Amino acid sequence: MICSKLIDKRLIERYSDVISVEERFVGRLWSFRDVTQYQVSDLLPRRLAAIVDSSDDAIIGKDLNSIITSWNQGAERIFGYSAEEMIGTSVMRLIPPERQREEEQILAHLKRGERFEHFETVRTTKEGGRLHVSLSISPIKDANGRVIGASKIARDITERKRSEEALRESQKLADEANADRQRLP
């Protein structure tokens with residue numbers, strides 16, 4: 001039987017086994033192991049994974065060939081593709097043809113270790129719809145500091161863009177109405 005117990009801020013794993021001789025119980029063997037460091041080192045990646053997976057924003061990992069290596073639930077919701085459909089494929093399938101040069105520029109910056117903050121652009125959904133997104137892109141580096149990929153966070157700003165356009169249109173109509181009024185005698 002294995003169970004863990006917190007003792008003096010340490011996590012101790014206990015194991016016990018019955019000792020029998022000629023099918024008679026003669027005692028119990030106990031062993032104890034400090035698993036605190038293991039639990040702490042295991043906890044950080046699990047917490048980070050939970051944060052990424054629960055984000056409303058799309059969080060996408062890719063390599064330097066633009067091949068998607070990770071795809072969270074936010075990405076599924078925003079773009080309509082499942083992780084199974086996207087991991088191992090090119091991120092280019094999300095980029096409209098007239099904007100595909102952006103990916104080349106992004107990769108060039110990433111290879112130099114540079115980040116992108118709040119880069120506004122357009123991407124496509126599984127159904128072919130267009131989304132306005134704000135991208136934050138960070139290089140992923142290996143243990144030697146070499147850039148091996150990127151983390152992209154995509155926030156859907158389509159509603160904000162529609163609101164801004166509606167406001168501009170309203171302002172234009174108001175300006176035209178004021179100009180017409182000023183021309184009247």
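Which strands does helix 5 lie across, and at what angle does helix 5 run to strand 7? Helix 5 (residues 158–183) lies across strand 6, strand 7 and strand 8, and runs at about 135 degrees to strand 7. Axes here are lines fitted to C-alpha atoms, for helices over the stretch in contact, and angles run from 0 to 180 degrees between N-to-C directions.

## Basis of the model

This is a predicted model, in which local features need pLDDT of at least 70 and side-chain atom pairs count only at pLDDT 80 or more, while totals for chains, interfaces and linings use all residues. Residues are numbered from 1 along each chain as its sequence is written, and side-chain values use heavy atoms, with hydrogens and water left out.

## Overall composition

The protein has 5 helices and 8 strands, taken as DSSP runs numbered from the N terminus (helices H or I, at least four residues; strands E, at least two). From the N terminus on, the order of elements is β-β-β-α-β-β-α-α-α-β-β-β-α.

Of the 185 residues, 29% are buried; buried means under 20% relative accessible area, exposed over 50%, and partly exposed in between (1.4 Å probe, protein chains only). The accessible surface comes to about 12800 Å², and carbon and sulfur atoms contribute 53% of that surface; the areas come from the Shrake-Rupley method with a 1.4 Å probe, and for residues only the protein chains shown count as cover. Among contacts with a separation of 6 or more, 33% join residues 24 or more positions apart, a contact being heavy atoms within 4.5 Å.

## The sheet and its helices

An open, antiparallel sheet is formed by 5 strands in the order 5-4-8-7-6, where pairing requires that DSSP finds at least two bridges between two strands. Strand 5 (68–71) and strand 6 (116–124) are the edge strands, each pairing on one side only. On average, neighbouring strands of this sheet are turned by 30 degrees against each other, direction ignored. Helix 4 (residues 101–111) packs on the sheet and touches strand 4 (58–63), strand 6, strand 7 and strand 8 (147–156). The direction of helix 4 makes about 155 degrees with that of strand 6.

Strand 6 is joined to the antiparallel strand 7 (residues 130–141) by 7 bridges, with Val-122 standing opposite His-132 in strand 7. The hairpin of these two strands has 5 residues between them, and Gly-128 takes a positive phi near 95 degrees there.

## Lys-62 in strand 4

Lys-62 is found in strand 4 and is buried, at a relative accessible area of 2%. The Lys-62 side chain makes a polar contact with the side chain of Glu-103 at 2.2 Å. Such a contact is a pair of N or O atoms within 3.5 Å; within protein, one must be able to donate a hydrogen and the other to accept it, and residues adjacent in sequence count only if both atoms are side-chain atoms. Not counting residues up to four places away in sequence, Lys-62 touches residues including Val-91, Ile-106, Leu-107, Leu-110 and Lys-152.

## Aromatic residues

Rings of Phe, Tyr and Trp (its six-membered ring) pair if their centres lie within 6.5 Å; planes under 30 degrees apart count as stacked, over 60 as edge-to-face and the rest as tilted. By this rule there are 2 aromatic pairs. One of them is the tilted pair of Trp-71 and Phe-79, at 5.8 Å centre to centre with 40 degrees between the planes. Trp-71 counts as buried at 7% relative accessibility, and Phe-79 is buried at 2%.

Phe-25, in strand 3 (residues 24–34), is exposed, with a relative accessible area of 56%. Beyond residues up to four places away in sequence, Phe-25 touches Val-18, Ile-19 and Ser-20.
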